[in-house]
Structure formats: C-alpha cells, structure tokens
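Subject: Handover of a protein structure

Dear colleague,

Please find below the structure that I am passing on to you. My findings follow it, and I would ask you to read them with the structure open beside the text.

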Amino acid sequence: MSGPSGADFDLYLQRWNGSTWATVAQSTSPGANESVSYSGAAGYYRFVVQAYSGSGAYTLGAPTPWPARRAPGAGGPAGAAGGRGRAR
C-alpha cells in the first residue's frame, strides 16, 4: 500500500472467523507505505487501512494465489486485485 508523504497509515489484513473479523497480519511502521505477507487457508478476507496521522489517498494492490481464480462474473485480470481509497 502506498500513500501520500507526510502521512502515517497502518495496514491490517483480517479474516472472517464465522462471527467476527480477526487480524491475521498487520503493518504499523511509521510512514504511508505499508505491506503485509500472509499464507493462510481459503476464506473471506479484507484489508483495513487506518490513518494513524495525516490523511489522503492511497493505492492498495494484492496478488491472488496461483492458480488464480475469480468469482463468476468478476472483472479485472486474474492474479491481481487492487483498489484506491482515502484515509481520514
């Protein structure tokens, strides 16, 4: 994840455990650029971006496991997922 200079964003990867979202990987280093690595089982996952200080737009990208699979009707290239957002 990359964000604007001068901001401090934190990145969390969370997995749904059947009743709540549980953090399975996190990056809370100073600055706006964060990354996580995680090898886990299939399931429902989400990224959470939190602004520790500052604000602004960020870009987030995430590769998918090999072989790449997409949900039926999902657009975009197989093998990568990404997004843009704004932290406040």
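One example is L13, whose bridge partner in β2 is A25. Strand β1, which covers residues 8-16, is also joined to β3 by eight bridges, and this pair is antiparallel as well. Within the second pairing, F9 lies opposite A51 of β3, and Q14 lies opposite R46 of β3. In general, the strands of a sheet pair through hydrogen bonds of the backbone.

Together these strands make an open sheet of three, in the order β2-β1-β3, with antiparallel pairing. The edges are taken by β2 (21-27) and β3 (45-53); each has a single partner strand, so one side of each is left without a neighbour in the sheet. On average, neighbouring strands of this sheet are turned by 30° against each other, direction ignored.

For the chain as a whole, there are five strands and zero helices, so that the elements read β-β-β-β-β from the N terminus on. Of its 88 residues, 23% count as buried. The chain exposes about 6000 Å², of which carbon and sulfur atoms supply 51%. Among contacts between residues at least 6 apart in sequence, 58% join residues at least 24 apart.

Is D8 buried or exposed? D8 counts as buried because its relative accessibility is 12%, and the cut-off for buried is under 20%. Beyond its neighbours within four places in sequence, D8 is in contact with several residues, including S29, P30, G31, Q50, A51 and Y52.

Which residues make up the largest nonpolar core? This core has eight: M1, A7, F9, L11, A32, V49, Y58 and L60. The elements that contribute two or more residues to this core are β1 and β4 (56-63).

Finally, a word on confidence. The chain averages a pLDDT of 80, and 73% of the residues score at least 70. Among the elements, β2 has the highest mean pLDDT, at 95, while strand β5 (residues 80-87) has the lowest, at 51. Over residues 71-81 the pLDDT stays under 50, and for this stretch the model has 14 contacts beyond four places in sequence. Where pLDDT is low, the predicted coordinates should not be read in detail.

With kind regards

Conventions: Residues numbered from 1 in each chain as written. Predicted model: local features only at pLDDT ≥ 70, side-chain atom pairs only at ≥ 80, totals over all residues. Heavy atoms only, no water. Helix = DSSP H or I, 4+ residues; strand = E, 2+ residues; numbered from the N terminus. Buried < 20%, exposed > 50% of the residue type's maximum accessible area, 1.4 Å probe, protein only. Contact = heavy atoms within 4.5 Å. Areas by Shrake-Rupley, 256 points an atom, 1.4 Å probe, with all protein chains shown as cover. Pairing = 2+ DSSP bridges. Axes fitted to C-alpha atoms, helices over the stretch in contact; angles between N-to-C directions. pLDDT = per-residue confidence, 0-100. Core = buried A, V, L, I, M, F, W, Y, C linked by side-chain atoms within 4.5 Å.
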